[in-house]
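Here's a friendly walk through one protein model. Have a look at it first, and then we'll pick out some details together.

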Amino acid sequence: MSTTTRTHSPAYRRAVDPRNVHWTQLRWARYRHQHGRCAVCHCKLGLRFEAHHLHYRTLGQERLSDIRIVHQGACHWLADTWRRQSTRFWRWWWGFMRDA
């Protein structure tokens, strides 16, 4: 597993700032919705968890369905990998269908 540091845009950092009331309430609402379990491994989460964006189209105006709560580290890395793989697949699929 790579240990590269992610760099996010200023807009992303503003959207997920812990002082952002919408973001804080959304994270805890998703935590309750998932019954305090990680979306990747389904193990019980403690109070240290991360919100994983399924996409960035609604950045700053996320809905409950736009994020998943995951463990820090490996589970978040897996969720990011799955998102990238899914995006790659759909780009390939639509390119394939366009050319067919």
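In which helix do Trp-28 and Tyr-31 both lie, and how many residues apart are they? The two sit in helix α2 (residues 21–33), three residues apart, about one turn of the helix.

A quick note on what you're looking at: this is a predicted model, where local features need pLDDT of at least 70, side-chain atom pairs count only at pLDDT 80 or more, and totals for chains, interfaces and linings use all residues. Residues are numbered from 1 along each chain as its sequence is written, and side-chain values use heavy atoms, with hydrogens and water left out.

**The overall layout**

The protein has three helices and two strands, and along the sequence they come in the pattern α-α-β-β-α. Helices (H or I, at least four residues) and strands (E, at least two) are DSSP runs, numbered from the N terminus. Of the 100 residues, 33% count as buried. Here buried means under 20% relative accessible area, exposed over 50%, and partly exposed in between (1.4 Å probe, protein chains only).

The accessible surface comes to about 7,300 Å², and 58% of that belongs to carbon and sulfur atoms. These areas come from the Shrake-Rupley method with a 1.4 Å probe, and for residues only the protein chains shown count as cover. As for contacts (heavy atoms within 4.5 Å), take those in the protein with a separation of 6 or more: residues 24 or more positions apart account for 60% of them.

**A cluster of rings**

Back to our opening pair. Rings of Phe, Tyr and Trp (its six-membered ring) pair if their centres lie within 6.5 Å; planes under 30 degrees apart count as stacked, over 60 as edge-to-face and the rest as tilted. The structure holds three aromatic pairs. One of them is Trp-28 with Tyr-31, an edge-to-face pair at 5.1 Å centre to centre with 65° between the planes. Trp-28 is partly exposed at 30% relative accessible area, while Tyr-31 counts as buried at 15%.

Tyr-31 also pairs with Phe-49, this time stacked, at 4.9 Å centre to centre with 25° between the planes. Tyr-31 belongs to helix α2 and Phe-49 to the loop between α2 and β1, so this pair ties together parts that are 18 residues apart in sequence. Phe-49 is buried, with a relative accessible area of 4%. Ring pairs link Trp-28, Tyr-31 and Phe-49 into a cluster.

**The nonpolar core**

In soluble globular proteins, nonpolar side chains tend to be buried together. A nonpolar core is a set of buried Ala, Val, Leu, Ile, Met, Phe, Trp, Tyr and Cys residues joined through side-chain atoms within 4.5 Å. The largest one here has 15 residues, and those with the most contacts inside it are Trp-23, Cys-38, Val-40, Leu-45 and Ile-69. Helix α2, strand β2 and helix α3 (74–99) each supply at least two residues of this core. Leaving out residues up to four places away in sequence, Ile-69 touches a list of residues including Tyr-31, Cys-38, Leu-45 and Phe-49.

**Charged partners**

Side chains of opposite charge can pair when their charged atoms come close. A salt bridge is a side-chain nitrogen of Lys or Arg within 4 Å of a carboxyl oxygen of Asp or Glu, and by this rule the count comes to three.

| Salt bridge | Closest N and O atoms |
|---|---|
| Arg-19 and Asp-17 | 2.7 Å |
| Asp-66 and Arg-63 | 3.4 Å |

Arg-19 is exposed at 72% relative accessible area, whereas Asp-17 is buried at 19%. Asp-80 and Arg-83 both lie in helix α3, three residues apart, about one turn of the helix. Asp-80 is buried at 8%, and Arg-83 is buried at 17%.

Is Asp-66 buried or exposed? With a relative accessible area of 1%, Asp-66 is buried. Asp-66 lies in the loop between β1 (50–53) and β2 (67–70). Its side chain makes a polar contact with the side chain of Thr-58 at 2.8 Å. (A polar contact is a pair of N or O atoms within 3.5 Å; within protein, one must be able to donate a hydrogen and the other to accept it, and residues adjacent in sequence count only if both atoms are side-chain atoms.)

Most residues other than glycine have a negative phi. His-35 has a positive phi near 55°, and His-42 has one of about 65°. His-35 lies in the loop between α2 and β1, and His-42 lies in the loop between α2 and β1 too. His-35 is exposed at 60% relative accessible area, and His-42 is exposed at 54%.
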